[in-house]
Amino acid sequence: MRWLYRYASPATFYPVAGALAPWFFVAAALLGAAGLYIGLIAAPTDFQQGDAYRIIYIHVPAAWMSMFIYVVMAAYGVLFLSLNTRLSAMMMSALAPTGAMFTFLALWTGALWGRPTWGAYWVWDARLTSELILLFLYLGFMALQAAIEDPRRADRAAALLAIVGVVNVPIIYFSVQWWNTLHQGASVSLTASPKMARIMLTGMLIMSLAAWLYAIGASLLRVRAIILEREAGAEWLQGHVDGKAR
Amino acid sequence: MSEAGAWAGFAWGLRRDLKLSARSSAEVLVVLGFFLIVATLFPLSVGPDPRILHRIGAGIIWVCAALACLLSLHRMFTLDYVDGSLEQMLLGHMPFPSIVAGKIGAHWLTTGCPLIVCAPLVGVQFGLSFGEIGVLLVTLLLGTPVLSLIGGIMAALTLGLRGGGALLALLLLPLYIPLLVFGVGAVEAYAAGLGMEGHLSVLGAELILALVGSPLATAAAVRTAID
């Protein structure tokens, strides 16, 4: 556990994050290129949906990441409230914009896919609706942090909000699904589509991995910015900023 | 933190906030007026077609109840926060979560309860049958306490913030969605001749979860605002 605590100090983590972030971006770019090649060129056209289905190589990874990042944020919130490690709160704030970006991306690509497939940019489908609500949860999280000036209070309030949110996410998802079956909005569903070809699945998984690595890289860069902002007066930081160490 | 201490804190918080509300009863009536006027806007904007109104009635009543609760939440902590009495409660000998539970209970008694009393009136205006109104009242009875309970957490998180009202709405309304879905769903299931036990069970489960979790979370949220 001791090494874990060592890296929980912003002074230790700042250079580590700086050293790791480029590698995550490089790996994300390589995997993204490979995934896009498989998805856009190598994979065959879907006989039911035509080429419109190819949006899944962006859409599905974005949707997965949007939900996964919220859970990770809440986990950092728990860590912060129980161990009182400042870095956990900083990671939590660093993840939120990436999560919101993926949520927005999932909604946007979903709308673009829905137009040719369902004939409408937006239908009140259970998945779409719960994704939209997730976007509101992200926006609320960021708005709450932005509204509180004292960083200590902002961290603790945001951590509490993330935990309350993560308890509610399954309830919301469940309720929206129940609501949708009652109202019978959309009749087409992704789950009912035929089993996916292996190459399509491979492309999607590679793209998901790329999205994952990108999210890590982006949040490491952002956490460095947050550390710079919060620890502006700290002595250890002066060395890094003056360029003596990376 | 003995059991007796917890009940004493709850009773004290409840009695104190009820007494305060009784001395400014206009506030309670204003929230009730808000509930009625918003419900009145819908027939005027959608049109007087009884079929449409009957179709949307239960949903409108639930949305109006959620908004009325949202609007009244600032009452729960703001004044006590500003004049410092909230800090005294935090420092006092009574367990703070139980005082908070009492305050939430008082909020429900002064917003949720009056709304439930008024809801049949609005239901009749929207052409709901007596059976439907009965089911609606049961869902409100189970659901409006949850509105106050979740609302307490968010009201405490946004305590004393600039632009707190809009922020509170952004934080709170997504969490109200399951209540609306199951509350309105029960009425629709009843109207369609289907069983509504499932909906009511989920509402009950949410109520239990909120009863257990909310006072603790609200107390933690108040602490973040004070120290």
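This is a predicted model: local features need pLDDT of at least 70, side-chain atom pairs count only at pLDDT 80 or more; totals for chains, interfaces and linings use all residues.
## Overall build of chain A

Chain A contains 8 helices and 0 strands. Read along the sequence, the pattern is accordingly α-α-α-α-α-α-α-α. Of its 246 residues, 41% count as buried.

Among the contacts in chain A with a separation of 6 or more, 80% are made by residues 24 or more positions apart.

## Helix α3 of chain A

Helix α3 of chain A covers residues 56-83. It has 28 residues and reaches 39 Å from its first C-alpha to its last, which is close to the 40 Å expected at 1.5 Å a residue. The helix is followed by A:Asn84, whose phi is positive, near 60°.

Two packed helices are described by the angle between their axes and the distance between the axes. For α3(A) and helix α4 of chain A (residues 86-118), the axes come within 8 Å and cross at roughly 160°. Because angles over 145 degrees count as roughly antiparallel, α3(A) is roughly antiparallel to α4(A). The crossing of α3(A) past α4(A) is left-handed. By class, the residues of this contact divide into 20 nonpolar, 9 polar and no charged.

The axes of α3(A) and helix α5 of chain A (residues 126-147) come within 11 Å and cross at roughly 45°. These two helices are therefore oblique to each other. Here too α3(A) passes α5(A) in a left-handed crossing. From α3(A), the residues A:Ala63, A:Ser66, A:Met67 and A:Tyr70 meet A:Glu131, A:Leu134 and A:Leu137 of α5(A). The contact of α3(A) with α5(A) has 5 nonpolar, 1 polar and 1 charged residues.

## Two buried residues

A:Leu87 lies in helix α4 of chain A. This residue counts as buried because it has 24 C-beta neighbours inside 10 Å, where 20 or more are required. Leaving aside neighbours within four places in sequence, A:Leu87 is in contact with A:Ala8, A:Pro10 and A:Phe13. A:Trp179 is 92 residues from A:Leu87 in sequence, and the two are 40 Å apart in space, C-alpha to C-alpha.

A:Ile226 belongs to helix α7 of chain A, which spans residues 198-230. With 21 other C-beta atoms within 10 Å, A:Ile226 is buried. Residues up to four places away in sequence not being counted, A:Ile226 touches A:Met90, A:Ser93 and A:Ala94. Along the chain, A:Ile226 and A:Ala215 are 11 residues apart, and their C-alpha atoms are separated by 16 Å.

Terms used:
Residues are numbered from 1 along each chain as its sequence is written. Chains are lettered from A and ligands numbered from 1 in the order in which they are written. Axes are lines fitted to C-alpha atoms, for helices over the stretch in contact, and angles run from 0 to 180 degrees between N-to-C directions. Helices (H or I, at least four residues) and strands (E, at least two) are DSSP runs, numbered from the N terminus. Angles under 35 degrees count as roughly parallel, over 145 as roughly antiparallel, 65 to 115 as roughly perpendicular and the rest as oblique. A crossing is left-handed if the near helix is turned anticlockwise from the far one by less than a right angle, and right-handed if clockwise. Ala, Val, Leu, Ile, Met, Phe, Trp, Tyr, Cys and Pro count as nonpolar, Asp, Glu, Lys and Arg as charged, and the others, Gly among them, as polar. A residue is buried if 20 or more other C-beta atoms lie within 10 Å of its own, exposed if 12 or fewer, and partly exposed in between; C-beta atoms are placed from the backbone. Two residues are in contact if their C-beta atoms, placed from the backbone, lie within 7 Å. The expected span of a helix is 1.5 Å times one less than its number of residues.
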